[in-house]
Amino acid sequence: MKLIFHIWRQRDRGSPGRMVRYEKDGLNPDMSMLEALDVLNEDLTIKGEDPVVFEHDCREGICGSCGFMINGVAHGPLLKTTVCQLTLRHFENGQELYLEPWRAKAFPILRDLMVDRSAFDRIIASGGYISTPTGSAPDGNVIPISKEAAERAMDAAACIGCGACVAACPNASASLFTGAKISHLGLLPQGQPERASRALRMVARMNEEGFGQCTNIGECEAVCPKGIRLEVISRMNHDFLKASWAARQPATD
Amino acid sequence: MSATVAEEGIQKPQVLRFWSTTTGKKAVMAVTGAILALFVIGHLIGNLQIFLGPDQFNGYARALRHLPELVWPVRVILFISVILHIWSSIELAVTKSEARPVGYTRWKPAGSSYASRTMYWSGPIVAAFVVYHLMQFTFGVGGTPYNRLDTYGNVISGFRVPAVSLFYIFAMALLCLHLRHGLWSLFQTLGFYHPRHTPRIHRAASLISLFIFFGFISIPIAVMLRVIPPIL
C-alpha cells in the first residue's frame, strides 16, 4: 500500500516550519498510522535525514500521548480513535494525507508533530483535585454514591488529555477538557467541598493559558477519542456561574 | 458549594473578574441574546397584523406611540442588550484570534453546523440590517417614502423597492441561521444540559428560527406580489 504524506516539519519552538512531501510505498494496511510513520522514519534515518518527531507512549489508545491532524480532522477520520489505533486500511491506496500538529497558542510546537501540552497540567493543578488525607485505602462503600453518578463521573474521567478538543475547536478552546475534569470531580461526593472554588480557578487558569472561548459548535465532541460529551461544558458553565454569583467575602476569625 | 471572592487572591471587583473570563462574557452574550430573540418574536407578532388590513396595523402602531411608558423601557433594555452583545462578541473575537495564531493548511468540520460556524458573519450583517431598518421605518431616512403617521403605507412603499425587499429577505435568512444556533447554545452557555431536554431545545430552536424567517419574509413577498394592497 502506498501513501503520500505531507508532514509539518519544524526544528524547534522558535524556527519556522513548512509542509514536506514524502511518498511511502510497501505499507501494510494493518499498520497503525504511527507504525507507518515509524517505517517512514527508518527510511529517513537511513538517508541521513531527521526522523519525523511525534509523541506516543502506550499505542493502545489510552494514554493520551499521541495525536495530530490528518486531512484537517484531529486524530483522523475514524470516530473515537486515537492515531495510534487508526489503521491504514481506512485510507485508500495512493491517498494524500496532510499531517499537522495541534495548533493553539497554548500548545507551542516543540518539534514537527509534537506540541507542549503542559498548559493542561497547569489547569489540573489549579483545581482538578480533592484535598483529602491519603494513606491506607478507605473501606468500600463508606461513602454512598449512586450508580448513575458513578457512571457519569467515570464517563467524564475517561478524558485522556490528548488535546484533540483544543485542536479541532476553531477557537482553540479547552472547555471540553476542563469541563471533563470539573464534571468528573463535581459529580462525586468527595468533590463537593471544593466544587465552587474549583470551577472559578480552573476556568480562570484556562483563560490565562490563552485558550479561546466555547461557542458550543461541537467540533470537540465529534473528534474526542473518548466520547466526552458537550454536557461536561454545560456543567462547567453551571458550576462557574453559580460560584461567581454566590462568592462571598473571605471569612474572618 | 461556596467560594470566597478572594479565592484566587486577586483584589478585583467580582463583576470584573466575571467579565474577564470567556465563560462570563459568553453568559452575557447568552442573556442579552435571549432578550433580543424575545423582542424579535414580539416584533414579528406585531408585524403580522399587516395582513389584517391598514386600520388594524396603523391602529397597532398608534397604540404603541401612545404607550411611551412601555416603549421606552423596552427600547432602553434593547439598546443595552445590543451594546453588551456586540461588545462581548468583539472581545471574544479578539480572544479567538489570539488563541490560534497559526492556522491549519487544512481544516474540515467534523461535527459542527453551518449556522454555528458562521455566527461571526451572520451577526454583523444582521446588525447592519438593523441600522438600515431603523433608518427606514423609525427615522424615515432610508430613501423610501415615509409618513410617520402611516406605518402601513411606509411598509408598502418600502417593500415595493425590490432591492430593499431582497436585502430584507437576505438579512432574515441570516437572522434565522444566527438564531438556529443561538437559541439552543444559550442554554448550554448558561449551564443547562439534559440528555432528554437538550435535543428538544435543538428542535425548538430550529422551528422557532424557521417561523421567524417565514413570518418576516411573508411581508415583503406579499407586498411585491400585491397580496397586501396599498390604501386607495
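**An enclosed helix, the domains and the chain contact**

Twelve of the twelve residues of α5 of chain A are buried (20 or more other C-beta atoms within 10 Å of the residue's own, C-beta atoms being placed from the backbone), so this helix is largely enclosed by the rest of the structure. The model is a predicted one, in which local features need pLDDT of at least 70 and side-chain atom pairs count only at pLDDT 80 or more, whereas totals for chains, interfaces and linings use all residues. Residues are numbered from 1 along each chain as its sequence is written, while chains are lettered from A and ligands numbered from 1 in the order in which they are written.

Helix α5(A) comprises residues 175–186 and reaches 15 Å from its first C-alpha to its last, close to the 16 Å expected at 1.5 Å a residue, where the expected span is 1.5 Å times one less than the number of residues. Helices (H or I, at least four residues) and strands (E, at least two) are DSSP runs, numbered from the N terminus. Among the buried residues of α5(A) are A:Phe177, A:Lys181, A:His184 and A:Leu185. The buried residues pack against α2 (118–127), α3 (147–157), α4 (164–168), α6 (195–208), α7 (219–223) and α8 (231–246) of chain A, contact being defined by C-beta atoms, placed from the backbone, that lie within 7 Å.

Chain A is divided into domain 1 (3–110) and domain 2 (117–131 + 143–246), with bounds that come from an automatic or database domain assignment. The centres of the two domains, taken over C-alpha atoms, are separated by 28 Å, and the contact takes 18 residues from domain 1 of chain A and 17 residues from domain 2 of chain A.

An open sheet of five strands in chain A has the order β2-β1-β5-β3-β4, with mixed pairing; two strands pair if DSSP finds at least two bridges between them. Strands β2 (18–24) and β4 (73–74) of chain A stand at the edges, each with a single partner strand, so one side of each is left without a neighbour in the sheet. Strands β3 (residues 69–70) and β5 (residues 96–100) of chain A run antiparallel and are joined by two bridges, and A:Ile70 stands opposite A:Leu99 in β5(A).

Between the chains, 44 residues of chain B are in contact with 51 residues of chain A. On the side of chain B that touches chain A, α1 (14–20), α2 (22–47), α4 (68–99), α5 (114–117) and α8 (162–189) of chain B each supply at least two residues.

Methods: Two residues are in contact if their C-beta atoms, placed from the backbone, lie within 7 Å.
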